Amino acid sequence: MKFSLVVYSAPYSTQASSTALHFAKAALAGGHDIYRIFFFQDGVLNATALAVPPQDEVDIPQAWQELTRQHGIDSVVCVASALKRGILDDDEANRYDKKHSSMASEFSLGGLGQLIDASLHSDRLLCFGA
């Protein structure tokens with residue numbers, strides 16, 4: 001089965017991001033495919049390259065980066081949600097005269113068209129968070 005995921009929650013505000021991450025790992029281990037992960041609203045905070053959680057906590061943003069890198073998953077961050085929350089890639093940082101980017105390189109900025117595309121090319125679109 002081919003899944004796409006939408007993550008609405010920040011990494012540490014609720015269990016939704018962690019649950020989505022565990023689901024993605026389990027689905028891949030079970031032989032399923034993940035077409036795309038779309039990070040939306042506060043979920044864009046999962047794409048930060050700057051989070052430094054305490055050593056005794058799971059580094060959820062880093063775990064998303066590793067999953068994306070290991071499995072070549074298309075991980076898209078909603079550009080409108082990201083800009084409002086200070087998540088910028090190199091191009092957007094330059095465009096808005098910011099000193100540096102804050103988004104991990106494993107992610108790409110995109111729009112709602114990519115969410116629609118994900119729903120069209122997946123057997124199931126699962127949403128995590130509110």
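**Close-up views of a predicted model**

View 1. A disulfide needs sulfur atoms within 2.5 Å. The model is predicted, and a search of the whole structure returns 0 disulfides. Cys-78 is in no disulfide. Its setting is buried, at 5% relative accessible area. Cys-127 is partly exposed, at 46%.

**View 2. The largest nonpolar core holds 25 residues.** Ile-37, Phe-39, Trp-64, Leu-67, Val-77, Met-103 and Phe-107 touch the most other members. β1 (2–7), α1 (16–29), β2 (33–39) and α2 (60–71) each supply at least two of its residues. The top contributor is α1, with 5 residues. Apart from this core lies another, of 7 residues, including Val-6, Val-76, Cys-78 and Leu-115.

**View 3. Phe-39 and its contacts.**

**View 4. Helix α1 and what covers it.** α1 has 14 residues. From first C-alpha to last it reaches 20 Å, close to the 20 Å expected at 1.5 Å a residue. Its buried residues are Ala-16, Ser-17, Ser-18, Ala-20, Leu-21, Ala-24, Ala-27 and Leu-28. Their cover includes β1, β2, α2 and β5 (124–128). Just after α1, Gly-31 takes a positive phi of about 90 degrees.

Technical notes
Residues numbered from 1 in each chain as written. Predicted model: local features only at pLDDT ≥ 70, side-chain atom pairs only at ≥ 80, totals over all residues. Heavy atoms only, no water. Core = buried A, V, L, I, M, F, W, Y, C linked by side-chain atoms within 4.5 Å. Buried < 20%, exposed > 50% of the residue type's maximum accessible area, 1.4 Å probe, protein only. Helix = DSSP H or I, 4+ residues; strand = E, 2+ residues; numbered from the N terminus. Contact = heavy atoms within 4.5 Å. Expected span 1.5 Å × (residues − 1). Lists of a residue's contacts leave out its neighbours within four places in sequence.
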